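Biologist: I'm new to reading models, so please pick one part of this one and take me through it slowly.

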Amino acid sequence: MTDARRPKGVSALRALISLDDWPLAQIRRVLRRAAAWKAAFKRARGESEFGRMAEDKGTTGAFSKWDEMRFERTVGRRTVALAFFEPSTRTRLSFELAAKRLGADVVDLDVGRSSVQKGEDIAETLATLEAMGAEAIVVRTTIDDLRPYGEALQRAALVSAGAGMAEHPTQALLDVLTMLEAFGSLEGKTVAVIGDVRHSRVAASHLRLLPRLGARLVLAGPPALLEREDGRSATAIRAPSVDEAIEAADAVIVLRLQKERLTAVDRAMLGGDVDRFLARYLERYGLSAPRAARLKPSGLILHPGPVWPDVEIARAVFDDPRARIRVQVENGVFVRMAVLAEALAISSPEEEAGSAVPAACSETGDGRAPVGVERAPHYT
Ligand code: NCD
(Lines give C-alpha, C1' and ligand atoms only; values in the text may rest on other atoms or scores of the structure.)
Protein backbone atom coordinates (compact mmCIF):
# COMPACT_ATOMS: atom_id res chain seq x y z
CA MET A 1 0.00 0.00 0.00
CA THR A 2 1.50 3.28 -1.02
CA ASP A 3 1.09 6.57 0.78
CA ALA A 4 -0.33 8.10 -2.39
CA ARG A 5 -3.44 5.98 -2.10
CA ARG A 6 -4.04 6.76 1.53
CA PRO A 7 -3.59 10.11 3.21
CA LYS A 8 -0.69 9.94 5.58
CA GLY A 9 -1.59 9.76 9.23
CA VAL A 10 -5.28 9.07 8.80
CA SER A 11 -5.00 5.31 8.82
CA ALA A 12 -2.38 5.32 11.55
CA LEU A 13 -4.84 7.03 13.85
CA ARG A 14 -7.85 5.02 12.75
CA ALA A 15 -6.01 1.76 13.21
CA LEU A 16 -4.98 0.52 16.62
CA ILE A 17 -1.91 -1.65 16.48
CA SER A 18 -0.06 -0.02 19.34
CA LEU A 19 -1.15 2.76 21.67
CA ASP A 20 2.31 4.23 21.03
CA ASP A 21 0.84 5.43 17.72
CA TRP A 22 -1.94 7.34 19.40
CA PRO A 23 -1.49 10.81 20.89
CA LEU A 24 -2.61 11.19 24.47
CA ALA A 25 -5.50 13.36 23.29
CA GLN A 26 -6.90 10.46 21.28
CA ILE A 27 -6.45 8.02 24.15
CA ARG A 28 -8.32 10.39 26.42
CA ARG A 29 -11.09 10.94 23.91
CA VAL A 30 -11.60 7.18 23.68
CA LEU A 31 -11.69 6.80 27.47
CA ARG A 32 -14.08 9.72 27.78
CA ARG A 33 -16.40 8.30 25.17
CA ALA A 34 -16.31 4.84 26.74
CA ALA A 35 -17.25 6.34 30.11
CA ALA A 36 -20.07 8.38 28.58
CA TRP A 37 -21.46 5.41 26.71
CA LYS A 38 -21.31 3.31 29.84
CA ALA A 39 -23.27 5.95 31.73
CA ALA A 40 -25.84 6.22 28.95
CA PHE A 41 -26.13 2.46 28.69
CA LYS A 42 -26.74 2.05 32.39
CA ARG A 43 -29.33 4.80 32.32
CA ALA A 44 -31.12 3.25 29.36
CA ARG A 45 -31.13 -0.12 31.10
CA GLY A 46 -32.77 1.41 34.13
CA GLU A 47 -29.60 1.15 36.16
CA SER A 48 -30.12 4.81 36.59
CA GLU A 49 -28.30 5.22 39.87
CA PHE A 50 -25.04 5.57 38.06
CA GLY A 51 -26.58 7.90 35.52
CA ARG A 52 -28.10 10.14 38.17
CA MET A 53 -24.93 10.29 40.20
CA ALA A 54 -22.88 10.99 37.14
CA GLU A 55 -25.33 13.68 36.09
CA ASP A 56 -25.46 15.25 39.55
CA LYS A 57 -21.73 15.53 39.58
CA GLY A 58 -21.60 16.80 36.06
CA THR A 59 -19.60 13.75 35.02
CA THR A 60 -21.29 13.38 31.69
CA GLY A 61 -22.21 16.99 31.32
CA ALA A 62 -19.48 17.57 28.79
CA PHE A 63 -21.08 15.11 26.43
CA SER A 64 -23.63 15.87 23.85
CA LYS A 65 -26.91 14.04 23.66
CA TRP A 66 -25.52 12.67 20.44
CA ASP A 67 -22.66 11.00 22.21
CA GLU A 68 -24.89 9.60 24.93
CA MET A 69 -27.41 8.08 22.64
CA ARG A 70 -25.01 7.00 19.98
CA PHE A 71 -25.20 3.34 20.83
CA GLU A 72 -28.93 3.32 20.19
CA ARG A 73 -28.60 4.62 16.69
CA THR A 74 -27.34 2.99 13.61
CA VAL A 75 -24.46 4.51 11.78
CA GLY A 76 -25.56 3.54 8.31
CA ARG A 77 -24.65 -0.12 8.42
CA ARG A 78 -20.93 0.07 8.77
CA THR A 79 -19.09 -3.23 8.53
CA VAL A 80 -16.74 -4.70 11.10
CA ALA A 81 -14.95 -8.03 10.65
CA LEU A 82 -13.46 -10.12 13.42
CA ALA A 83 -10.59 -12.45 12.64
CA PHE A 84 -9.29 -14.29 15.68
CA PHE A 85 -6.42 -16.65 15.00
CA GLU A 86 -6.03 -17.33 18.73
CA PRO A 87 -8.75 -18.32 21.23
CA SER A 88 -10.67 -15.61 23.01
CA THR A 89 -13.86 -15.17 25.03
CA ARG A 90 -13.87 -11.67 26.47
CA THR A 91 -12.12 -9.78 23.73
CA ARG A 92 -13.92 -11.39 20.81
CA LEU A 93 -17.41 -11.20 22.27
CA SER A 94 -16.95 -7.66 23.54
CA PHE A 95 -15.72 -6.49 20.14
CA GLU A 96 -18.74 -8.16 18.58
CA LEU A 97 -21.14 -6.54 21.03
CA ALA A 98 -19.38 -3.21 20.66
CA ALA A 99 -19.70 -3.28 16.88
CA LYS A 100 -23.37 -4.25 17.13
CA ARG A 101 -24.11 -1.50 19.64
CA LEU A 102 -22.62 0.94 17.16
CA GLY A 103 -25.11 -0.39 14.64
CA ALA A 104 -22.54 -2.08 12.45
CA ASP A 105 -22.87 -5.34 10.58
CA VAL A 106 -20.44 -7.84 12.03
CA VAL A 107 -18.84 -10.88 10.47
CA ASP A 108 -16.82 -13.16 12.68
CA LEU A 109 -14.38 -15.40 10.84
CA ASP A 110 -14.45 -18.91 12.20
CA VAL A 111 -10.82 -19.75 11.57
CA GLY A 112 -11.41 -23.46 12.12
CA ARG A 113 -13.93 -23.57 9.28
CA SER A 114 -12.26 -21.01 7.06
CA SER A 115 -9.86 -21.28 4.14
CA VAL A 116 -7.05 -20.80 6.64
CA GLN A 117 -7.41 -24.59 7.00
CA LYS A 118 -6.60 -24.89 3.30
CA GLY A 119 -3.43 -22.91 3.81
CA GLU A 120 -4.67 -19.37 3.12
CA ASP A 121 -2.47 -16.96 5.05
CA ILE A 122 -3.42 -14.08 7.34
CA ALA A 123 -2.69 -11.34 4.81
CA GLU A 124 -4.88 -12.95 2.15
CA THR A 125 -7.64 -13.56 4.69
CA LEU A 126 -7.63 -9.92 5.76
CA ALA A 127 -7.61 -8.72 2.14
CA THR A 128 -10.63 -10.93 1.51
CA LEU A 129 -12.52 -9.43 4.46
CA GLU A 130 -11.66 -5.96 3.20
CA ALA A 131 -12.90 -6.84 -0.28
CA MET A 132 -16.25 -7.74 1.29
CA GLY A 133 -16.48 -4.20 2.58
CA ALA A 134 -15.09 -4.47 6.11
CA GLU A 135 -14.05 -1.01 7.23
CA ALA A 136 -12.54 -2.17 10.49
CA ILE A 137 -10.90 -5.54 10.91
CA VAL A 138 -10.28 -6.73 14.46
CA VAL A 139 -7.43 -9.21 14.55
CA ARG A 140 -5.90 -11.49 17.15
CA THR A 141 -2.76 -13.36 16.20
CA THR A 142 0.08 -15.34 17.68
CA ILE A 143 2.28 -13.04 15.61
CA ASP A 144 3.76 -10.02 17.40
CA ASP A 145 3.98 -7.54 14.54
CA LEU A 146 0.68 -6.53 12.94
CA ARG A 147 2.09 -3.52 11.11
CA PRO A 148 2.70 -5.22 7.75
CA TYR A 149 -0.91 -6.45 7.79
CA GLY A 150 -2.23 -3.01 8.61
CA GLU A 151 -0.18 -1.41 5.86
CA ALA A 152 -1.34 -3.94 3.30
CA LEU A 153 -4.98 -2.93 3.77
CA GLN A 154 -6.24 -0.17 1.54
CA ARG A 155 -9.45 1.04 3.16
CA ALA A 156 -9.95 -0.93 6.36
CA ALA A 157 -8.46 0.01 9.70
CA LEU A 158 -6.73 -2.83 11.50
CA VAL A 159 -7.54 -3.05 15.20
CA SER A 160 -5.45 -5.29 17.41
CA ALA A 161 -7.28 -7.66 19.72
CA GLY A 162 -3.97 -8.97 21.03
CA ALA A 163 -0.82 -9.65 19.02
CA GLY A 164 1.43 -12.46 20.20
CA MET A 165 3.37 -11.33 23.22
CA ALA A 166 3.70 -7.77 21.95
CA GLU A 167 0.53 -5.71 22.33
CA HIS A 168 -3.00 -5.78 23.72
CA PRO A 169 -4.00 -2.15 23.44
CA THR A 170 -7.72 -2.44 24.17
CA GLN A 171 -7.06 -4.48 27.32
CA ALA A 172 -4.71 -1.76 28.53
CA LEU A 173 -7.35 0.89 27.79
CA LEU A 174 -10.11 -0.92 29.62
CA ASP A 175 -7.84 -1.52 32.60
CA VAL A 176 -7.09 2.21 32.63
CA LEU A 177 -10.79 3.09 32.45
CA THR A 178 -11.44 0.74 35.37
CA MET A 179 -8.75 2.45 37.42
CA LEU A 180 -9.88 5.94 36.42
CA GLU A 181 -13.39 5.17 37.63
CA ALA A 182 -11.95 4.71 41.09
CA PHE A 183 -9.13 7.23 41.12
CA GLY A 184 -10.13 9.98 38.69
CA SER A 185 -6.54 10.27 37.57
CA LEU A 186 -3.57 7.92 37.45
CA GLU A 187 -1.12 10.72 38.12
CA GLY A 188 1.14 9.60 40.96
CA LYS A 189 -0.63 6.26 41.41
CA THR A 190 1.38 3.08 41.85
CA VAL A 191 0.27 0.13 39.74
CA ALA A 192 1.82 -3.25 40.54
CA VAL A 193 1.92 -5.68 37.63
CA ILE A 194 2.37 -9.17 39.01
CA GLY A 195 3.28 -12.45 37.39
CA ASP A 196 4.27 -13.50 33.91
CA VAL A 197 5.41 -10.15 32.53
CA ARG A 198 7.78 -11.93 30.16
CA HIS A 199 5.08 -13.44 27.93
CA SER A 200 2.18 -11.09 28.60
CA ARG A 201 1.04 -8.73 25.86
CA VAL A 202 -1.15 -7.04 28.46
CA ALA A 203 1.95 -6.17 30.50
CA ALA A 204 3.73 -5.05 27.33
CA SER A 205 1.00 -2.52 26.55
CA HIS A 206 0.87 -1.30 30.16
CA LEU A 207 4.63 -0.85 30.32
CA ARG A 208 4.24 1.87 27.69
CA LEU A 209 0.82 3.31 28.49
CA LEU A 210 0.78 3.67 32.27
CA PRO A 211 3.85 5.93 32.51
CA ARG A 212 2.32 8.19 29.83
CA LEU A 213 -0.67 8.65 32.13
CA GLY A 214 1.54 9.53 35.07
CA ALA A 215 1.40 6.20 36.90
CA ARG A 216 4.35 4.50 38.54
CA LEU A 217 4.57 0.92 37.40
CA VAL A 218 6.14 -1.71 39.65
CA LEU A 219 6.83 -5.28 38.56
CA ALA A 220 6.88 -8.34 40.81
CA GLY A 221 6.76 -12.07 40.36
CA PRO A 222 9.03 -14.99 39.54
CA PRO A 223 12.36 -13.42 38.52
CA ALA A 224 12.56 -15.69 35.46
CA LEU A 225 9.22 -14.30 34.22
CA LEU A 226 9.87 -10.58 34.71
CA GLU A 227 12.46 -10.12 31.96
CA ARG A 228 10.98 -9.40 28.53
CA GLU A 229 12.89 -10.21 25.40
CA ASP A 230 11.75 -6.99 23.72
CA GLY A 231 13.45 -5.02 26.48
CA ARG A 232 10.26 -3.26 27.59
CA SER A 233 10.67 -4.40 31.18
CA ALA A 234 14.30 -3.32 31.41
CA THR A 235 13.72 0.10 32.94
CA ALA A 236 10.64 -0.73 35.02
CA ILE A 237 10.92 -0.71 38.79
CA ARG A 238 11.21 -4.18 40.36
CA ALA A 239 9.70 -4.63 43.78
CA PRO A 240 11.86 -6.72 46.12
CA SER A 241 8.93 -9.10 46.59
CA VAL A 242 5.29 -9.56 45.63
CA ASP A 243 4.31 -8.63 49.19
CA GLU A 244 6.10 -5.31 48.95
CA ALA A 245 4.64 -4.57 45.53
CA ILE A 246 1.15 -5.12 46.89
CA GLU A 247 1.77 -2.97 49.96
CA ALA A 248 2.92 -0.09 47.77
CA ALA A 249 0.17 -0.42 45.19
CA ASP A 250 -2.96 1.58 44.51
CA ALA A 251 -3.91 -1.07 41.98
CA VAL A 252 -2.65 -4.57 41.38
CA ILE A 253 -2.86 -6.09 37.92
CA VAL A 254 -2.39 -9.84 38.24
CA LEU A 255 -1.38 -11.55 35.00
CA ARG A 256 -2.26 -14.97 33.67
CA LEU A 257 0.58 -17.43 33.55
CA GLN A 258 1.05 -17.94 29.82
CA LYS A 259 1.79 -21.64 30.03
CA GLU A 260 1.24 -22.09 26.30
CA ARG A 261 4.02 -19.62 25.53
CA LEU A 262 6.70 -21.15 27.73
CA THR A 263 9.76 -22.20 25.74
CA ALA A 264 12.21 -24.93 26.72
CA VAL A 265 14.50 -22.18 28.02
CA ASP A 266 11.69 -20.69 30.12
CA ARG A 267 10.86 -24.11 31.52
CA ALA A 268 14.48 -24.67 32.45
CA MET A 269 14.58 -21.25 34.15
CA LEU A 270 11.51 -22.24 36.18
CA GLY A 271 13.35 -25.27 37.48
CA GLY A 272 12.41 -27.78 34.77
CA ASP A 273 9.24 -29.11 36.36
CA VAL A 274 6.53 -26.60 35.48
CA ASP A 275 3.76 -28.48 37.26
CA ARG A 276 5.74 -28.36 40.47
CA PHE A 277 6.39 -24.68 39.94
CA LEU A 278 2.66 -24.12 39.44
CA ALA A 279 1.72 -26.11 42.51
CA ARG A 280 3.57 -23.59 44.68
CA TYR A 281 2.79 -20.51 42.60
CA LEU A 282 -0.09 -19.11 44.67
CA GLU A 283 1.85 -19.32 47.88
CA ARG A 284 5.03 -17.83 46.40
CA TYR A 285 3.78 -15.24 43.89
CA GLY A 286 0.01 -15.31 43.59
CA LEU A 287 -2.65 -13.14 45.16
CA SER A 288 -3.49 -15.37 48.08
CA ALA A 289 -5.91 -14.20 50.77
CA PRO A 290 -3.09 -13.23 53.18
CA ARG A 291 -1.39 -11.27 50.43
CA ALA A 292 -4.63 -9.52 49.46
CA ALA A 293 -4.85 -8.41 53.10
CA ARG A 294 -1.70 -6.37 52.52
CA LEU A 295 -3.40 -4.26 49.84
CA LYS A 296 -4.73 -0.94 51.06
CA PRO A 297 -8.53 -0.71 51.55
CA SER A 298 -8.86 1.64 48.58
CA GLY A 299 -6.68 -0.60 46.40
CA LEU A 300 -7.98 -2.34 43.29
CA ILE A 301 -7.48 -5.90 42.08
CA LEU A 302 -7.49 -6.43 38.33
CA HIS A 303 -6.86 -9.40 36.08
CA PRO A 304 -7.38 -9.45 32.31
CA GLY A 305 -8.84 -12.95 32.45
CA PRO A 306 -9.05 -15.80 32.07
CA VAL A 307 -7.97 -16.24 35.68
CA TRP A 308 -6.36 -19.44 36.76
CA PRO A 309 -8.09 -19.81 40.12
CA ASP A 310 -5.95 -20.75 43.10
CA VAL A 311 -2.83 -20.27 41.00
CA GLU A 312 -2.72 -16.55 40.18
CA ILE A 313 -5.55 -15.47 42.49
CA ALA A 314 -7.13 -17.40 45.34
CA ARG A 315 -10.80 -18.11 44.70
CA ALA A 316 -11.72 -16.38 47.94
CA VAL A 317 -10.22 -13.15 46.62
CA PHE A 318 -12.60 -13.09 43.64
CA ASP A 319 -15.31 -11.82 46.00
CA ASP A 320 -13.09 -9.19 47.58
CA PRO A 321 -14.86 -5.83 47.29
CA ARG A 322 -11.69 -4.40 45.80
CA ALA A 323 -11.73 -6.89 42.90
CA ARG A 324 -12.69 -5.31 39.58
CA ILE A 325 -12.40 -8.38 37.35
CA ARG A 326 -16.05 -8.33 36.23
CA VAL A 327 -16.06 -4.55 35.89
CA GLN A 328 -13.07 -4.88 33.56
CA VAL A 329 -15.14 -7.19 31.36
CA GLU A 330 -18.06 -4.76 31.45
CA ASN A 331 -15.83 -1.83 30.59
CA GLY A 332 -14.29 -3.77 27.72
CA VAL A 333 -17.46 -3.44 25.68
CA PHE A 334 -17.58 0.35 26.01
CA VAL A 335 -13.87 0.81 25.41
CA ARG A 336 -14.13 -1.30 22.27
CA MET A 337 -17.12 0.73 21.08
CA ALA A 338 -14.99 3.84 21.41
CA VAL A 339 -12.02 2.19 19.69
CA LEU A 340 -14.24 1.03 16.82
CA ALA A 341 -15.67 4.54 16.57
CA GLU A 342 -12.10 5.71 15.92
CA ALA A 343 -11.53 2.92 13.40
CA LEU A 344 -14.74 3.77 11.56
CA ALA A 345 -13.96 7.49 11.82
CA ILE A 346 -17.21 8.19 13.62
CA SER A 347 -17.12 11.59 15.19
CA SER A 348 -19.79 13.66 16.87
CA PRO A 349 -20.98 16.87 15.23
CA GLU A 350 -19.22 18.81 18.01
CA GLU A 351 -15.95 17.14 17.27
CA GLU A 352 -16.33 17.91 13.60
CA ALA A 353 -16.88 21.54 14.51
CA GLY A 354 -13.69 21.37 16.56
CA SER A 355 -15.37 22.22 19.83
CA ALA A 356 -15.61 18.91 21.62
CA VAL A 357 -12.09 18.42 22.82
CA PRO A 358 -11.91 19.69 26.38
CA ALA A 359 -8.74 21.05 27.86
CA ALA A 360 -8.16 17.89 29.88
CA CYS A 361 -7.51 16.08 26.64
CA SER A 362 -4.55 18.15 25.59
CA GLU A 363 -1.65 16.28 24.04
CA THR A 364 0.77 17.34 26.73
CA GLY A 365 -1.46 16.00 29.48
CA ASP A 366 -2.06 18.10 32.52
CA GLY A 367 -2.52 15.38 35.07
CA ARG A 368 -6.28 15.68 35.03
CA ALA A 369 -8.46 12.73 34.30
CA PRO A 370 -10.37 12.73 31.07
CA VAL A 371 -13.68 14.49 31.34
CA GLY A 372 -16.37 11.94 31.93
CA VAL A 373 -14.42 9.77 34.33
CA GLU A 374 -13.03 12.52 36.48
CA ARG A 375 -15.53 12.17 39.27
CA ALA A 376 -17.10 8.89 38.33
CA PRO A 377 -18.29 6.99 41.37
CA HIS A 378 -17.33 3.43 42.20
CA TYR A 379 -19.66 0.92 40.75
CA THR A 380 -19.31 -2.67 41.64
C1 NCD B 1 -5.54 -11.72 27.69
C2 NCD B 1 -4.95 -12.08 26.36
O3 NCD B 1 -5.48 -12.90 25.61
O4 NCD B 1 -3.94 -11.51 26.07
N5 NCD B 1 -6.88 -12.04 27.81
C6 NCD B 1 -7.78 -11.16 27.36
O7 NCD B 1 -7.70 -10.68 26.26
N8 NCD B 1 -8.74 -10.80 28.20
C9 NCD B 1 -4.75 -12.20 28.81
C10 NCD B 1 -4.36 -13.62 28.84
O11 NCD B 1 -4.86 -14.47 28.13
O12 NCD B 1 -3.49 -13.90 29.64
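**A helix and its neighbours**

Modeller: Let's start with H8, which passes H16 in a right-handed crossing (the near helix is turned clockwise from the far one by less than a right angle; helices are DSSP runs of H or I with at least four residues, numbered from the N terminus). The model is predicted, so local features need pLDDT of at least 70 and side-chain atom pairs 80 or more, while totals for chains, interfaces and linings use all residues. Residues are numbered from 1 along each chain as its sequence is written, and side-chain values use heavy atoms, without hydrogens and water.

H8 covers residues 169-183, and H16 covers residues 325-343. Their axes come within 8 Å and cross at roughly 115 degrees (lines fitted to C-alpha atoms over the stretch in contact, with angles from 0 to 180 degrees between N-to-C directions). On the H8 side, the contact (heavy atoms within 4.5 Å) includes Gln171, Leu173, Leu177 and Glu181; H16 brings in residues including Val327, Asn331 and Val335. By class, there are six nonpolar, six polar and three charged residues (Gly counts as polar; Asp, Glu, Lys and Arg as charged).

Now meet H2, residues 24-44. H2 also passes H8 in a right-handed crossing, with axes that come within 10 Å and cross at roughly 65 degrees.

Terms used
Helix = DSSP H or I, 4+ residues; strand = E, 2+ residues; numbered from the N terminus.
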